[in-house]
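Subject: Handing over a model, with notes

Dear colleague,

I am passing on to you the structure we talked about, with the sequence alongside. Please have it open while you read the notes that follow.

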Amino acid sequence: LIIFTDLDGSLLDHHDYSWQPAQPWLDKLSAAQVPLILTTSKTSAEVAELQSALNLTQQPFIAENGAIIHLPPDWRDEAAVPFHISGAGYPEIRQILVALRQRYDFEFRGFGDVTARQVALWTGLTEEEAALAMQRDASEPLLWFGNDLDFARLKKCLMREGLSLTRGGRFWHVMGTGAGKGQAVQWLSDRYQQKRGQPVISMGLGDGPNDLSMLEAVNYAVVIKGHHEHEMPLQREDVAHVFRTDAPGPHGWSQGLNHFITLR
Ligand code: 2M8
Ligand code: MG
Ligand code: MG
């Protein structure tokens, strides 16, 4: 068994980013040596900090919504670290966004437009944490202040540039069209399978639209109740392998594990 988990609104509380209610399960998974792979829109710099706080530094992780995969030292054969799997790099994404805004007067603010203080105000992170969130390699979170028509136009313009938009808990995320949590989860699952020489069972937990591709790519999916009104439609037919929690954040996260896993 390997487990992929979203952070904000899933393992971490949407507001204060705590994971205390999940600690008993974190301890159990660690004792049973079940890999827990953080799969998030956060940056490598942010995840590195969280990985040490969660005692997961030996595990791979997936950052920036799947654009980046980070492998631990004993996995580093051919892949560079962090391993940028697909899509444009951050400078290119910023360049395209700024050019489109100049041309069409689009009303948005990205992390690259503002100070760490502003990111801290938007997110509830400390300024130090916000600075880590601003160290981006391959995706840009932004807030949209314009109308729907302009938003549709932005989407179209980005598509022409090979970029797409996905929705996190608070922000829209701009990234390469080929990248996503689902692709990254598939890639890592294959690697685990190769390494172990036998099929692996995977589970995924997430609360937002940006988690849908991950929840389609795993054997067991936990849809955590979100702090948003978006439906979380899954196309998969094996409904017995999908569990929707009624609690949000780390409480819901634990509910999901209780539902699917019995550890002896
Ligand atoms: C951003 O992502 C969250 C994830 O759902 C969001 O869209 O609300 C990130 O890009 C991240 O780097 C940051 O830590 C987080 C803080 O709320 O916001
Ligand atoms: Mg989330
Ligand atoms: Mg997320």
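How many helices and strands are there in the protein chain? There are nine helices and 12 strands, and please keep in mind throughout that this is a predicted model.

Starting with the chain as a whole, the C-alpha atoms fill a box of roughly 60 × 40 × 40 Å when this is taken along the principal axes. The radius of gyration of the protein chain is 18 Å, which agrees with the value near 18 Å that a compact globule of 264 residues would have. Of these 264 residues, 52% count as buried. If one takes the contacts between residues at least 6 apart in sequence, 58% of them join residues that are at least 24 apart.

Next comes a pair of helices. Helix α3, which covers residues 90-104, packs with helix α6, residues 148-160, at an angle of about 135°, and their axes are 11 Å apart. An angle of about 135° therefore makes α3 oblique to α6. The crossing in which α3 passes α6 is right-handed. On the α3 side the contact is made by I96, L97, L100 and Y104, while α6 contributes R153, L154, C157 and L158. Sorted by class, the contact of α3 with α6 has seven nonpolar residues and one charged residue, with no polar ones.

Two loop residues were also looked at in detail. S41 is found in the loop that runs between β2 (36-38) and α2 (44-53). Is S41 buried or exposed? S41 has a relative accessible area of 14%, and because buried means under 20%, S41 counts as buried. Leaving out residues up to four places away in sequence, S41 touches E64, N65, R136, H173, K181 and N210.

The other residue, R236, lies in the loop between β11 (220-225) and β12 (242-248). With a relative accessible area of 13%, R236 is buried as well. Which residues is R236 in contact with, once its neighbours within four places in sequence are left aside? They are L215, E216, V218, N219, Y220, A221, H241 and V242. As for A217, which is 19 residues from R236 along the chain, the C-alpha atoms of these two residues are separated by 9.5 Å.

Definitions and conventions:
Residues are numbered from 1 along each chain as its sequence is written. Chains are lettered from A and ligands numbered from 1 in the order in which they are written. This is a predicted model: local features need pLDDT of at least 70, side-chain atom pairs count only at pLDDT 80 or more; totals for chains, interfaces and linings use all residues. Side-chain values use heavy atoms; hydrogens and water are left out. Axes are lines fitted to C-alpha atoms, for helices over the stretch in contact, and angles run from 0 to 180 degrees between N-to-C directions. Helices (H or I, at least four residues) and strands (E, at least two) are DSSP runs, numbered from the N terminus. Angles under 35 degrees count as roughly parallel, over 145 as roughly antiparallel, 65 to 115 as roughly perpendicular and the rest as oblique. A crossing is left-handed if the near helix is turned anticlockwise from the far one by less than a right angle, and right-handed if clockwise. Contact means heavy atoms within 4.5 Å. Ala, Val, Leu, Ile, Met, Phe, Trp, Tyr, Cys and Pro count as nonpolar, Asp, Glu, Lys and Arg as charged, and the others, Gly among them, as polar. The radius of gyration is taken over C-alpha atoms; the globule rule is 2.2 Å times the number of residues to the power 0.38. Buried means under 20% relative accessible area, exposed over 50%, partly exposed in between (1.4 Å probe, protein chains only).
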